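Dear colleague,

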Amino acid sequence: MTDETYKNNPNEQEQAQQPESDSGNQPLDAAGRSLSEALRISFIILKVIMIVLVVVFLASGFRTVASDEQALVLRFGKIRGVGEGRLLNPGLHWVFPYPIDEIVKIPVAKKVNLAINSFWYYQSQQEILQQEGPKKRTRINPKLNPIRDGYCITRSEKQDRVLAGFTGSDYNIVHCKWQLTYQIDDPERFFRNVYTENVKPGESYTDIIVKSVTPLLEKLIEGAVVTAMVNYTIDEAISSQARIPKHVEKLLQEKLDKIESGIMVVSVQLTDITWPRQVDKAFWASIRASQESQKQITEARTYAENILNEAAGPVAAELLAALRDETVSEQKKELLWLQLAGAAQEKIAQARAYRTKVVEDAKANAEYLKKILPEYRKRPQLVVQKIYQDAIEYILNNVDEKMIIQPTKGTKGTEIRVLLNRDPTIKKSEVRSKK
Amino acid sequence: MKNITVTIFIILLVAVLGLYLISFQVRETESALVTTFGKPTRQITEPGWYFKWPAPIQQIYKFDSRMRVFEADVGETTTKGAVPIIVNTYVVWRIAEPLAFFNAVGTVKEAQSKLLSQISDTQNNVIGRHSFGEFVNSDPAKIRFEQIQDEMLSDLKQAIKGNYGIEIKTLGIRQLKVSEDVSKDVFERMRAERNRKTEATIAQGNAEATRIKADADSKKTELLAVAEARAKAIRGQGDAEAAQFYKLLEEDPDLAMFLRDVEALKKILQERSTVVLSADTEPFKLLKEMPALTPKK
């Protein structure tokens with residue numbers, strides 16, 4: 001509009017100038033000359049202003065595209081250029097000023113996060129505040145309001161046996177929170193197809209884009225979540241398996257591509273998931289039970305390890321496996337036997353000791369006999385007596401109590417009573433002897 | 001010189017003003033409708049620069065042709081087999097034909113109210129054709145949730161087609177819920193299922209623990225038995241080796257026997273024993289009387 005106001009001025013100027021040029025041949029008076037002078041100067045000023053305006057007009061075509069943006073140029077409303085050339089990369093660019101060209105900058109490198117909390121149960125302001133502070137039990141409504149409370153439906157576990165009248169349509173309820181990170185990857189498609197509000201003064205186009213796109217993305221991801229979740233059981237969902245967000249991501253990207261939104265999903269994350277508060281007790285009991293049974297199994301394993309260790313040492317399991325496996329060579333088995341420890345090892349060690357002792361004893365006896373045999377053959381009586389008496393001496397030296405009794409030559413036998421109590425370890429005993 | 005500049009300027013000015021009056025732009029994001037004396041005569045869906053007659057004769061109506069998202073109200077409907085469910089459907093739509101749009105609805109608001117009733121019709125129809133088991137099923141192979149949404153989309157497209165100048169890009173179910181009372185039953189069932197699971201877990205844990213222990217015990221027994229057998233073999237070997245020496249004793253078995261008895265006696269009476277002997281025994285005979293010794297010649 002400013003252009004027009006300036007353009008209007010020369011019009012008036014023109015009309016004023018006309019009489020002056022007509023009277024050019026006549027002698028000029030002082031007033032006329034000064035008027036012509038003034039007109040001339042104002043005309044020059046006007047020209048300068050016009051030139052400046054043209055320069056400013058052309059210079060207004062210089063636009064910068066920031067490093068996280070790409071830009072499209074609309075010439076008479078239509079996207080200018082072909083193929084790759086349609087997009088302006090970051091840097092300084094010149095386009096024809098309005099109304100011929102229009103530059104549209106799209107923040108392509110910007111990743112935007114969007115939190116989806118619509119699958120979470122309703123919490124009053126008070127409850128949310130309490131969550132931060134100490135836990136206080138609030139009364140929980142035994143039902144879920146379908147308008148107020150958000151949740152997803154998950155399928156039930158597959159039953160092995162088909163019950164009569166069982167349709168397989170059992171389901172569970174689960175609450176979850178998600179986070180979507182997205183980015184515009186095709187500025188042209190995005191600009192052409194996705195509704196964005198008009199930029200009002202004081203607002204940045206980026207903010208407007210985020211604000212305008214949020215409702216669309218919210219609905220699309222919610223749809224994807226609902227669609228994906230029915231395929232999983234509550235246990236699969238709660239154990240936060242990565243494949244569920246991947247599934248949601250895939251569904252969402254398919255939708256975004258189908259509607260040619262030019263938006264790319266960077267990531268979908270399952271930020272929080274829980275069973276309904278109404279069944280909290282049962283779920284905790286289940287968790288405790290599985291922890292308990294895990295503990296039992298661990299204890300049993302420890303017991304097994306200990307008992308085998310006690311029985312045969314660390315090599316126990318290997319040895320047993322080798323003994324059962326006929327393909328294992330004898331050599332290998334012997335090697336394992338050598339590494340044996342524990343009770344089994346003790347048994348074998350005892351047997352070895354026995355073996356040594358038995359053999360040594362037999363050998364010693366045999367050698368002794370061999371040694372005394374020549375002497376014995378010469379003087380049997382004396383040798384026997386010698387051995388016998390040495391033995392008696394040895395025995396009586398070691399014996400605690402010795403009693404020698406004079407045999408009576410009476411008709412009746414003699415009765416002797418002996419009270420042995422000197423050694424406290426020996427119980428009182430009675431020795432009876434009859435002769 | 002002056003005159004030429006001024007003339008050019010005036011021509012330019014008039015041209016620009018004239019162009020403003022007789023031409024208009026349609027942006028990439030728009031479509032337009034030209035009316036001649038109020039009657040729609042031309043629709044433009046391609047962006048660009050177009051000419052028209054000046055204002056009183058022809059007028060331009062522009063429509064934003066980009067996608068908008070619209071969400072129907074949360075509504076309860078019933079599946080085949082009369083299971084009530086609550087669904088909430090969203091629709092992504094755009095103005096595709098400005099003429100039809102202008103004639104049928106005119107404004108976005110009006111269009112959405114028309115869509116609203118169409119969506120709920122389609123929703124009820126399609127969902128009524130499917131049983132609940134096709135929404136959620138314990139057998140994932142039987143779930144037809146995506147197909148149901150596709151069916152809704154094609155039904156809605158069919159219903160809208162040519163009527164309002166609207167194109168439906170996609171739709172989806174963004175909430176799938178059950179009524180308040182049903183949710184209570186679901187919790188009952190979830191609790192029961194969880195309890196069953198808890199019991200199963202405990203039973204499995206016990207069984208597994210018992211199995212591990214029993215397995216260890218039997219392994220121990222087996223190992224000890226194997227070791228015992230081996231020990232027995234070693235002892236047997238010892239006995240066999242010892243037996244070789246017995247041959248040497250055969251030279252005088254009586255003497256050998258006597259020596260063995262003596263050894264045995266020594267061993268037996270080693271500790272804590274009390275011996276009562278008759279004075280007739282050697283060498284205690286000496287206590288009774290002097291031996292009658294005569295030198296041998």
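Strands β2(A) and β3(A) form a hairpin with 2 residues between them, and in the turn Phe76(A) has a positive phi of about 50 degrees. Strands here, like helices, are DSSP runs numbered from the N terminus, with at least two residues (E) for a strand and at least four (H or I) for a helix. The pairing of β2(A) with β3 (residues 78-79) of chain A is antiparallel, over 2 bridges, and two strands are said to pair if DSSP finds at least two bridges between them. Within this pairing, Ile79(A) in β3(A) is the bridge partner of Leu74(A).

Before going further, please note that this is a predicted model, in which local features need pLDDT of at least 70 and side-chain atom pairs count only at pLDDT 80 or more, while totals for chains, interfaces and linings use all residues. Residues are numbered from 1 along each chain as its sequence is written, and chains are lettered from A and ligands numbered from 1 in the order in which they are written.

A residue is buried if 20 or more other C-beta atoms, placed from the backbone, lie within 10 Å of its own, exposed if 12 or fewer do, and partly exposed in between.

Turning to the cores, the largest nonpolar core has 89 residues, and Cys152(A), Val174(A), Ile221(A), Val225(A), Met229(A) and Leu252(A) have the most contacts inside it. Such a core is a set of buried Ala, Val, Leu, Ile, Met, Phe, Trp, Tyr and Cys residues joined through C-beta atoms within 7 Å. Helix α5 (residues 205-229) of chain A gives the most to this core, with 11 residues. Apart from this core lies another, of 18 residues, which includes Leu308(A), Val315(A), Ala351(A) and Ala227(B).

Between the two chains, the contact takes 114 residues from chain A and 113 residues from chain B, where two residues are in contact if their C-beta atoms, placed from the backbone, lie within 7 Å. On the side of chain A that touches chain B, helix α11 (residues 342-378) of chain A gives the most, with 20 residues. Strand β11 (residues 401-405) of chain A and strand β10 (residues 274-278) of chain B run parallel and are joined by 5 bridges, with Ile405(A) opposite Ser278(B).

As for chain B itself, there are 7 helices and 10 strands. Its radius of gyration is 56 Å, whereas a compact globule of 297 residues would have one near 19 Å; the radius is taken over C-alpha atoms, and the globule rule is 2.2 Å times the number of residues to the power 0.38. The C-alpha trace of chain B spans about 185 × 70 × 35 Å along its principal axes, and 28% of its 297 residues count as buried.

With best regards
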